[in-house]
Number of protein chains: 2
Amino acid sequence: MSDAFNKELEKNKGNYAPLSPISFIAWAANVYPERLAVVYGEQQQTWKETYTRCRQFASALVRLGVEYGDTVAIMAPNTPVMFEAHYGIPMAGAVINALNTRLDSVAIAFMLQHGGAKVLLVDREYKGVVSAALATLDEKPLLIDIADANLADLPPVGDLEYEVFIETGDPLFNQQLPEDEWDAIALSYTSGTTGDPKGVVTHHRGAYLNALGNVVTWTMPYFSRYLWTLPMFHCNGWCFPWTLAAVAGTSICLRRVESDVIFKLMRDHDVTHMCGAPVVYNTLINASVSKGQMLKSRIKGMIAGAAPPRSVIEGAELLGIDLTHVYGLTEVYGPAAVCAQHPEWEKLSLEERAQKNGRQGVRYVVQEGMDVLDPETMRPVARDGQSMGEICFRGNITMKGYLKNPKATQSAFNGGWFHTGDLAVIDTFGYVTIKDRSKDIIISGGENISTIEIEDVLCQDSRILEAAVVAQADERWGEVPCAFITLKSSETVMTENDVIEFCRERLARYKCPKRVIFGVLPKTSTGKIQKAVLRDRLRETNY
Amino acid sequence: MSDAFNKELEKNKGNYAPLSPISFIAWAANVYPERLAVVYGEQQQTWKETYTRCRQFASALVRLGVEYGDTVAIMAPNTPVMFEAHYGIPMAGAVINALNTRLDSVAIAFMLQHGGAKVLLVDREYKGVVSAALATLDEKPLLIDIADANLADLPPVGDLEYEVFIETGDPLFNQQLPEDEWDAIALSYTSGTTGDPKGVVTHHRGAYLNALGNVVTWTMPYFSRYLWTLPMFHCNGWCFPWTLAAVAGTSICLRRVESDVIFKLMRDHDVTHMCGAPVVYNTLINASVSKGQMLKSRIKGMIAGAAPPRSVIEGAELLGIDLTHVYGLTEVYGPAAVCAQHPEWEKLSLEERAQKNGRQGVRYVVQEGMDVLDPETMRPVARDGQSMGEICFRGNITMKGYLKNPKATQSAFNGGWFHTGDLAVIDTFGYVTIKDRSKDIIISGGENISTIEIEDVLCQDSRILEAAVVAQADERWGEVPCAFITLKSSETVMTENDVIEFCRERLARYKCPKRVIFGVLPKTSTGKIQKAVLRDRLRETNY
């Protein structure tokens with residue numbers, strides 16, 4: 001660097017500030033104080049009120065003894081308090097640890113202990129599981145009870161109720177930006193299907209950038225009305241609590257993903273945006289078909305967690321939801337890839353559009369790199385839509401690493417990229433398509449078989465609700481596909497042969513399941529099918 | 001900070017990349033390779049082609065001997081080469097110094113010498129002024145001649161033509177991000193009305209953030225079609241060359257701001273966005289009135305440089321342009337404040353809307369702070385719309401400082417804020433309104449008089465085209481206002497008394513001009529009225 005451009009041109013208070021999404025709420029509260037920030041049932045809060053409450057919350061935490069870099073955990077559904085926690089906790093200099101409300105007490109106890117939570121806020125709905133978890137801990141966090149006017153009959157979790165607690169805080173609390181933008185803003189445990197959960201540590205810089213990345217990727221206008229169908233405990237709601245302040249939008253909160261409630265909220269509040277897994281959209285599509293629900297105006301929906309099948313893309317379109325398919329993981333702040341759409345696709349058939357939109361896509365513009373690499377050589381695979389490799393990310397929308405787990409951190413960042421563990425191909429357009437999780441791929445007679453490809457075919461049969469394919473040991477081929485299937489209703493008739501025949505018409509012979517098992521599929525608390533359990537079940541059948 | 005959240009959680013290549021807007025062009029070229037990046041007359045370039053050309057440009061600079069941190073200057077109107085320079089130069093690790101094409105050879109020579117340009121790219125239109133400038137320099141930069149197919153008859157500036165030059169570069173040049181995001185990306189000289197121009201040094205981090213800030217502030221969608229009515233030599237076109245890559249938009253280039261050309265381009269290319277000073281919009285409004293030009297679909301226009309008068313707001317609205325009023329300076333990367341609109345304003349009268357939209361507004365969401373401070377105490381003035389202070393900024397959208405001018409840098413950042421030199425008030429809504437430049441304010445009998453306020457009143461008279469008010473020495477009051485006025489046409493009749501009477505009906509007596517001088521107003525190369533020249537003229541009249 002030429003000396004002249006750095007000499008006596010250092011950072012100072014006037015030209016440098018650590019990036020943090022907490023600066024967005026001050027903006028929203030100052031510029032649009034009277035616009036709604038949060039709606040929940042009868043409760044409505046402006047940005048000015050919400051900012052004041054968050055400052056009180058932060059101040060109350062500090063007065064309670066919370067120090068810079070302490071962990072503050074929260075177990076709550078998508079209520080206003082959960083939203084406020086995304087500001088109040090980091091404004092106090094603390095790290096927010098949002099707990100998955102579907103977890104059992106053993107997992108919760110592990111996280112509280114491992115994350116070292118000093119304070120734990122708990123919605124009364126989770127009193128049972130939290131009490132059981134706390135009973136096993138030697139060092140217990142300070143408990144704050146979250147009441148809900150809509151559920152007045154639930155007994156308190158502890159002595160100190162949230163509203164009373166924040167009353168102890170200063171409404172003019174002077175929140176500070178983080179000392180360093182690389183400091184932690186959140187701790188989020190992955191729901192790993194095997195082994196202990198890992199604690200993903202994210203930083204203020206990444207949260208700030210991904211919050212803006214959401215706006216750019218989705219062209220989100222000011223005053224967007226966002227329906228909280230995506231749990232905020234999933235990677236901090238993909239950074240949307242922070243995004244919404246940057247556009248002075250409104251959070252429409254809800255406790256549970258139920259179609260009647262959702263349709264009512266959509267109508268009452270003219271919802272413009274929502275996020276969720278395919279199951280959320282499926283629920284709406286099915287309810288709409290049976291009840292003739294229609295939306296007044298079109299909604300933009302982000303969908304992630306699995307590629308949206310044709311039926312979801314079509315159903316959502318008819319319902320009035322325009323889907324954007326995104327892809328990510330907790331380790332990359334939620335979505336860090338998007339199946340960026342091209343206007344030309346509108347002319348394609350539904351089938352072709354489903355294929356185009358089913359891809360995991362390309363990097364977010366705020367993520368620096370995304371590619372499919374050979375994990376041995378770390379070189380990009382050919383962009384032929386055939387060669388398989390691992391999806392890797394690099395850039396600012398990537399976690400610091402795993403808490404107290406340097407081995408896992410090092411392994412995740414091996415070769416200077418973050419390894420997702422997802423196996424994929426990349427096409428000539430540079431769009432990535434997931435083929436399988438590394439541990440799920442089936443190797444049969446030396447050929448890689450994508451279980452997702454088989455599952456996609458199975459779901460095209462109108463009798464099948466859900467399908468999961470895993471490897472079954474085979475003397476001749478090494479491994480062969482075995483399909484676990486849930487039928488649409490108990491009256492549906494389908495035999496193993498029907499399934500295999502259906503696949504034979506659509507797949508290469510070696511990819512067709514050799515065995516079919518009908519029944520309910522085991523799932524994790526976040527709704528992911530537990531293939532490890534299916535594999536165990538298979539081994540135990542001695543087949 | 002709790003040790004756990006930093007221990008073995010350092011930055012690595014996988015989770016940290018310096019912020020730089022040059023990463024946007026790789027994104028646009030990979031995701032939307034076939035969409036148009038640049039249009040200029042018959043010339044059309046896709047993002048893929050433009051990215052390739054920029055890589056060649058960068059590579060050619062490196063092969064020419066340009067090193068990391070060297071200055072590369074360019075003197076060109078808003079042509080494709082000027083656009084490419086915003087990527088090619090920083091991709092080579094160099095600092096872009098875009099020269100104001102309206103400057104004379106003395107100013108150009110000063111900038112080339114002071115900025116230490118190693119290479120200078122020159123559009124043939126500026127051969128004369130550049131040759132004169134170079135003749136005075138001992139050390140001359142390497143000259144690259146920019147030809148324009150539309151102006152084939154102009155003689156070359158030097159031996160090496162741009163197209164031939166970039167042919168020497170590698171189209172697969174592997175551009176690197178900056179070593180540090182704090183490193184300089186651009187050097188831009190202010191057009192200071194007195195003294196030597198100051199070299200504003202901006203960094204990659206700020207350019208990246210303000211490029212995204214433009215998208216958020218304006219809700220800019222993908223594939224925006226942006227008309228280049230704003231010179232790219234003004235604070236790098238307010239970062240829009242970089243913004244446009246982040247949304248895969250199209251730059252509609254043009255050599256000159258002429259209403260016929262602009263209306264044709266708007267129609268031919270379905271322009272969606274444009275920026276400019278009030279004079280640009282005035283030109284269009286006046287042309288539209290005389291020729292009945294109308295736009296097919298509405299355009300979003302950013303306006304800055306002066307508060308948009310009622311006639312401009314109304315005229316633009318009727319024409320089909322929705323204005324957003326922004327405010328900034330070269331030191332803050334162009335606009336760093338916006339008069340953020342409220343939907344409620346739509347119900348107001350035109351006059352009330354003009355008043356609301358005439359304010360300089362609030363900070364960009366990516367700028368950390370903006371306030372009106374008492375420059376003595378550095379404390380915020382009362383938010384009463386009356387108390388005057390200086391507009392100050394702080395945050396990431398602020399320059400590193402002035403090149404080789406530590407004294408000016410220190411003074412600009414005195415007290416931990418960047419001082420704009422603009423005097424203003426701030427209202428209860430937190431919106432800032434400029435009253436005057438520090439050096440322009442008139443102090444009469446101990447009262448501060450805003451010259452802008454008087455000028456605003458004068459422009460309400462339909463006979464007056466332009467007005468500038470300066471202080472005139474007065475034995476009794478210290479200073480009194482003197483108005484310089486340009487009438488709309490040579491046939492317009494207006495006397496000194498007419499002007500004073502007009503003001504008396506609308507202003508406090510002490511604010512009314514005591515003297516009126518008719519004639520053409522002297523302006524800087526960027527179109528700013530030179531009040532210093534007017535003050536000199538006044539002193540010389542011995543009045």
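1. Conventions. This is a predicted model, in which local features need pLDDT of at least 70 and side-chain atom pairs count only at pLDDT 80 or more, while totals for chains, interfaces and linings use all residues. Residues are numbered from 1 along each chain as its sequence is written, and chains are lettered from A and ligands numbered from 1 in the order in which they are written.

2. Interface. Contact is found between 55 residues of chain B and 56 residues of chain A, two residues being in contact if their C-beta atoms, placed from the backbone, lie within 7 Å. Two or more residues on the side of chain B that touches chain A come from each of α1 (22-31), α7 and α14 (406-412) of chain B. Of these, α1(B) gives the most, with five residues. The residues on this side of chain B divide into 29 nonpolar, 16 polar and 10 charged. Here Ala, Val, Leu, Ile, Met, Phe, Trp, Tyr, Cys and Pro count as nonpolar, Asp, Glu, Lys and Arg as charged, and the others, Gly among them, as polar. The copies meet through the same surface, because 100% of the interface residues of chain B are also interface residues in chain A.

3. Helix α7 of chain B. Helices (H or I, at least four residues) and strands (E, at least two) are DSSP runs, numbered from the N terminus. Helix α7(B) comprises 15 residues (204-218) and reaches 21 Å from its first C-alpha to its last, close to the 21 Å expected at 1.5 Å a residue. The expected span is 1.5 Å times one less than the number of residues. As 15 of its 15 residues are buried, α7(B) is largely enclosed by the rest of the structure. A residue is buried if 20 or more other C-beta atoms lie within 10 Å of its own, exposed if 12 or fewer, and partly exposed in between, with C-beta atoms placed from the backbone. T219(B), just after the helix, takes a positive phi of about 45 degrees.

4. Strand β1 in chain A. All five residues of strand β1(A) (36-40) are buried, so that the strand is mostly covered. Strands β1(A) and β2(A) (43-46) run antiparallel and are joined by four bridges; strands pair if DSSP finds at least two bridges between them. Y40(A) has Q43(A) as its bridge partner in β2(A). Two residues lie between the strands of this hairpin, and G41(A) there takes a positive phi near 60 degrees.

5. Nine strands form an open sheet with mixed pairing, in the order β2-β1-β10-β9-β11-β12-β13-β14-β15 (chain B). Strands β2 (43-46) and β15 (362-363) of chain B stand at the edges, each with a single partner strand, so one side of each is left without a neighbour in the sheet. Within the sheet, β1(B) (36-40) and β10(B) (250-252) pair in the parallel sense over two bridges, and V39(B) stands opposite I252(B).

6. Most residues other than glycine have a negative phi. N236(A), however, has a positive phi near 50 degrees. N236(A) belongs to helix α8(A) (235-238) and is buried, with 25 other C-beta atoms within 10 Å. M378(B) also has a positive phi, of about 60 degrees. This residue is in the loop between β16 (369-373) and β17 (389-394) of chain B, and counts as partly exposed with 16 C-beta neighbours inside 10 Å. Leaving aside neighbours within four places in sequence, M378(B) is in contact with L373(B), G415(B) and W417(B).

7. Domains of chain A. The domain assignment gives domain 1 (17-34 + 42-203) and domain 2 (440-540), with bounds that come from an automatic or database domain assignment. Taken over C-alpha atoms, the centres of these two domains of chain A are separated by 41 Å.
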